[in-house]
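Hi everyone, thanks for making time. I've got one structure to walk you through today, so let me put it up on the screen.

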Amino acid sequence: MTPIEARRIAELTTVPQDRLSPIETAAYTRDILENLRKMADKQDQTLLSHLLELAALEAKFLTLQSQQTRLPG
């Protein structure tokens, strides 16, 4: 990967924190954790994979819980 490509990827994946809602933060964290878990699985790091899965499930739970408690309108 060239430095230009690396910078472009960083720009696309970096989100200003002041623009994220708590739900968006939890969803973003969940996505990262799920991808890290897949990497750990491929490297046979079972304990790390399990811990990442638990953290991803917690983030998913927070996301779903927040969505269910939103008031309409």
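Leaving aside residues up to four places away in sequence, Arg30 touches Ala56, Ala59, Lys60 and Thr63. Arg30 itself sits in helix H2. Is Arg30 buried or exposed? Its relative accessible area is 19%, and the cut-off for buried is under 20%, so Arg30 counts as buried.

Before going on, a word of caution: what you're looking at is a predicted model.

Okay, let's zoom out. How many helices and strands does the chain have? There are three helices and zero strands, and reading along the sequence you get the pattern α-α-α. The chain has 73 residues, and 15% of them count as buried. As for the surface, the chain exposes about 6200 Å², with carbon and sulfur atoms supplying 59% of that.

Helix H2 covers residues 22–42 and helix H3 covers residues 46–68. Their axes are 8 Å apart, and the two pack at an angle of about 160°. Anything over 145 degrees counts as roughly antiparallel, so that's how H2 and H3 run relative to each other. The crossing of H2 and H3 is left-handed.

So who meets whom in there? On the H2 side, the residues include Ile23, Ala26, Ala27, Arg30, Leu33 and Leu36. On the H3 side, you'll find Leu48, Ser49, Leu52, Ala56, Ala59 and Thr63 among them. Sorted by class, the contact of H2 with H3 has twelve nonpolar, four polar and six charged residues. Arg30, where we began, is one of the H2 residues in that contact.

Let me pick out two more residues. Over in helix H3 there's Ser49. Ser49 has a relative accessibility of 6%, so it counts as buried. Which residues does Ser49 touch, if we skip those up to four places away in sequence? They are Arg37, Ala40 and Asp41, and those three belong to the H2 side of the contact.

The other one is Ile23, in helix H2. At 11% relative accessibility, Ile23 counts as buried too. Have a look at Ile23 and Gln65: they're 42 residues apart along the chain, and their C-alpha atoms are separated by 9.1 Å.

That's my tour, and I'm happy to go back to any view you'd like.

Terms used: Residues numbered from 1 in each chain as written. Predicted model: local features only at pLDDT ≥ 70, side-chain atom pairs only at ≥ 80, totals over all residues. Heavy atoms only, no water. Helix = DSSP H or I, 4+ residues; strand = E, 2+ residues; numbered from the N terminus. Buried < 20%, exposed > 50% of the residue type's maximum accessible area, 1.4 Å probe, protein only. Areas by Shrake-Rupley, 256 points an atom, 1.4 Å probe, with all protein chains shown as cover. Axes fitted to C-alpha atoms, helices over the stretch in contact; angles between N-to-C directions. Parallel < 35°, antiparallel > 145°, perpendicular 65-115°, else oblique. Left-handed = near helix turned anticlockwise from the far one by under 90°. Contact = heavy atoms within 4.5 Å. Nonpolar A, V, L, I, M, F, W, Y, C, P; charged D, E, K, R; others polar.
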